[in-house]
Amino acid sequence: YLSKPIEMKELEDILVKYLPADKVTKTEGPSVPAAKNNDGSVTSDKPLDILSESGFDIASGIEYSAGSEEFYIDMLRTFGQGYEEKSEEIKNDYEKDDIENYRIHVHALKSTAKMIGAKALAEEALAQEMAAKENRTDDINNGFMPLMELYKETVGVIRKALPGE
């Protein structure tokens, strides 16, 4: 049994466990080295370096993308493109005091943020999801704006890293 979101390493382990050994070939996934300055600090105009400098967990995002950097970038683009619609849904739920749909929408945000390696956003969305699940309206009210600001900032970083998104 695998729970969502699917961890690629867990899926791989289960497949290796149940497939005949002669059918399995292990290979290493791509690594994503960051460009370093002479002082050892990381700075670059490469998309993945920009994301990494901003706190994205690139390795985790690529792992969730079946080890494909190209698929990871597609997931980032999709996440950025859906921002206006998704943030409006969350805002509308909040303004209407529709706690159940608010919980559903922040749960989805949490899951997708985790999949792209946006750990801070995933944690903030989780806190709001739990507050909604437990009907803690004070925590929802106190956490709503920080969540929305972090969501906007996260998408801003993606759009900076992937111009045209």
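Trainee: Let's start with Phe79: is this residue buried or exposed?

Mentor: Buried means under 20% relative accessible area. Phe79 has 8% relative accessibility, so Phe79 counts as buried. Keep in mind that we're looking at a predicted model.

Trainee: Okay, and which residue does Phe79 form an aromatic pair with?

Mentor: With Tyr151, and that pair is tilted. The ring centres are 5.8 Å apart, with 55 degrees between the planes. Tyr151 is at 2% relative accessibility, so Tyr151 counts as buried too.

Trainee: Why does the pair of Phe79 and Tyr151 tie together parts that are apart in sequence?

Mentor: Because Phe79 lies in helix H4 (residues 69-81) while Tyr151 lies in helix H8, and the two parts are 72 residues apart in sequence.

Trainee: What other ring pairs with Tyr151?

Mentor: Tyr83 does, and this pair is edge-to-face: 4.9 Å centre to centre, with 85 degrees between the planes. Tyr83 sits in helix H5 (residues 83-95), so its pairing with Tyr151 of H8 links parts 68 residues apart in sequence. Put together, Phe79, Tyr83 and Tyr151 make one aromatic cluster. Across the whole structure, a search turns up five aromatic pairs.

Trainee: Now the helices. How do I read the packing of two helices?

Mentor: You describe two packed helices by the angle between their axes and the distance between those axes. Here, H6 (residues 99-115) and H8 (residues 137-161) pack at an angle of about 35 degrees, and their axes are 13 Å apart. The crossing of H6 past H8 is left-handed.

Trainee: Which residues make that contact?

Mentor: On the H6 side, look for Ile99, Tyr102, Val106 and Leu109; on the H8 side, find Ile140, Phe144, Leu147 and Tyr151. By class, that gives eight nonpolar residues, no polar ones and no charged ones.

Trainee: What tends to happen to nonpolar side chains in soluble globular proteins?

Mentor: They tend to be buried together. In this model, the largest nonpolar core has 35 residues, and the members touching the most others are Leu51, Phe56, Tyr72, Ile116 and Leu121. Elements giving two or more residues to this core include helix H2 (47-53), helix H3 (58-64) and helix H7 (119-133).

Trainee: Which element gives the most to this core?

Mentor: H8, with 10 residues.

Trainee: And what is Phe56 in contact with?

Mentor: Leaving aside neighbours within four places in sequence, Phe56 contacts several residues, among them Leu51, Tyr72, Leu76, Ile116, Val157 and Ile158.

Definitions and conventions: Residues numbered from 1 in each chain as written. Predicted model: local features only at pLDDT ≥ 70, side-chain atom pairs only at ≥ 80, totals over all residues. Heavy atoms only, no water. Axes fitted to C-alpha atoms, helices over the stretch in contact; angles between N-to-C directions. Helix = DSSP H or I, 4+ residues; strand = E, 2+ residues; numbered from the N terminus. Left-handed = near helix turned anticlockwise from the far one by under 90°. Contact = heavy atoms within 4.5 Å. Nonpolar A, V, L, I, M, F, W, Y, C, P; charged D, E, K, R; others polar. Phe/Tyr/Trp six-rings, centres within 6.5 Å; stacked < 30°, edge-to-face > 60°. Buried < 20%, exposed > 50% of the residue type's maximum accessible area, 1.4 Å probe, protein only. Core = buried A, V, L, I, M, F, W, Y, C linked by side-chain atoms within 4.5 Å.
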